[in-house]
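Okay, everyone, let's get going.

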Amino acid sequence: MQATIVTLPGDYIGPEIVAQAVKALDAVAARCGHSFAYDERKLGGASIDAFGVPLTDETLAACNAADAVLMGSVGGPKWDAVEAARRPEKGLLALRKGMGVYANLRPCRIHRQLAAACPLRADIAAQDIDIVILRELTGDIYFGRRSRSEDGQSATDEMAYSAMEIERLARIGFELARARRGKLCSVDKANVLECSRLWRETVTRMAGEYPDVELTHLYVDNAAMQLILRPQQFDVMITGNLFGDILSDESAAIAGSLGMMPSASLGDGTRGLYEPIHGSAPDIAGQDVANPLGTILSAALLLRHSLKLEREAAAVEAAVQSVLDAGYRTADIWSEGCTRVGCAQMGDLVAAQIEALL
Ligand code: NAD
């Protein structure tokens, strides 16, 4: 297949890690006869330096014309003094909005080779944990009205959701569950919140369209507990923006290393934005020590969700496992007895393994 992928390396370690994910995509293309055209653009601080704004209209248009967008990370101390409206993170927020993505997908998988980094009890960490959390991105308390009383001593934040917003997020969740192990857990606080009651009603109504998916509901407080006590019970979880913010960070902590975690932001259609969950790590930039696996695994999500290349996506994930099995580790996940490698070497190892697998 032919595909255009916009790459947005961003700032600090961003260019180092995105280069490794491109190596992985090139290995896939070379073995499977695909043709990926990369359109590299600037985002965040790099864009502020070049154009005075964190996201230009041209870059956004290029992203919306592409099949998928692969991002590194943005921000860092160089732009700390920039006024709020033009900060690097604003570029990312504007990009998500401009691309119309509303579902943030985060897989939570404990890589068995890194089980020691998982804070859960060893017998729980040893179980097969493979969860996808889908967080709604455009509604909820983050976008409602806010107010502060005149004396400054009381404040309100409005939580708002429409059935349409819930439905389009839930649909991605149902479809994903259908393609996986057929289990969908919807997380809300329907015992207290009206928005959550609408959430539950909407999701329950949709379940009729997906008789092959087993739908369950959990209150968010229980879900937070169950993720730690019995994480293996979950397949796909869907939840609102606020609860998802918290639960997806909890799941990242369960998975262990920040450098290993991929993410995808999806909307209508197949175009998506793919990025590791970590930031630009200014403290280690330019030293060839960053862990590129979160970005490489984000490229696997890109292959799966935007290009519909499941076999290739699975090969990238398997290649990462093989390289970890062989004992190679970047500094952040290194432990006694393992071979320490740099960012570029890790990228080469994964690319070579992809070529061997495909
Ligand atoms: P961070 O994720 O950049 O770094 C936290 C710690 O994790 C650091 O010690 C860093 O060295 C380490 N780390 C992160 N990614 C790593 C990797 N791939 N390999 C090895 N080690 C890694 O978080 P921070 O320091 O709070 O933020 C730095 C900058 O990144 C800030 O400007 C922040 O706003 C920005 N940020 C951007 C995004 C994004 O682009 N989506 C997300 C979070 C933070």
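Between domain 1 and domain 2 there's 1 salt bridge, meaning a side-chain nitrogen of Lys or Arg within 4 Å of a carboxyl oxygen of Asp or Glu. It joins the side chains of R106 and D249, at 3.3 Å, N to O.

Keep in mind that this is a predicted model: local features need pLDDT of at least 70, side-chain atom pairs count only at pLDDT 80 or more, and totals for chains, interfaces and linings use all residues. Residues are numbered from 1 along each chain as its sequence is written, and side-chain values use heavy atoms, with hydrogens and water left out.

So where are the domains? Domain 1 takes in 1-118 + 258-358, and domain 2 is 139-255; those bounds come from an automatic or database domain assignment. Their centres, taken over C-alpha atoms, sit 26 Å apart.

Now the contact itself. Here 13 residues of domain 1 touch 10 residues of domain 2, with contact meaning heavy atoms within 4.5 Å. About 1000 Å² is buried between the two domains, and carbon and sulfur atoms give 70% of that. Buried area, by the way, is the accessible area (1.4 Å probe) that two parts lose on being put together, summed over both. On the domain 1 side, the residues losing the most area to domain 2 are Y102, R106 and C108, together 45% of what that side buries.
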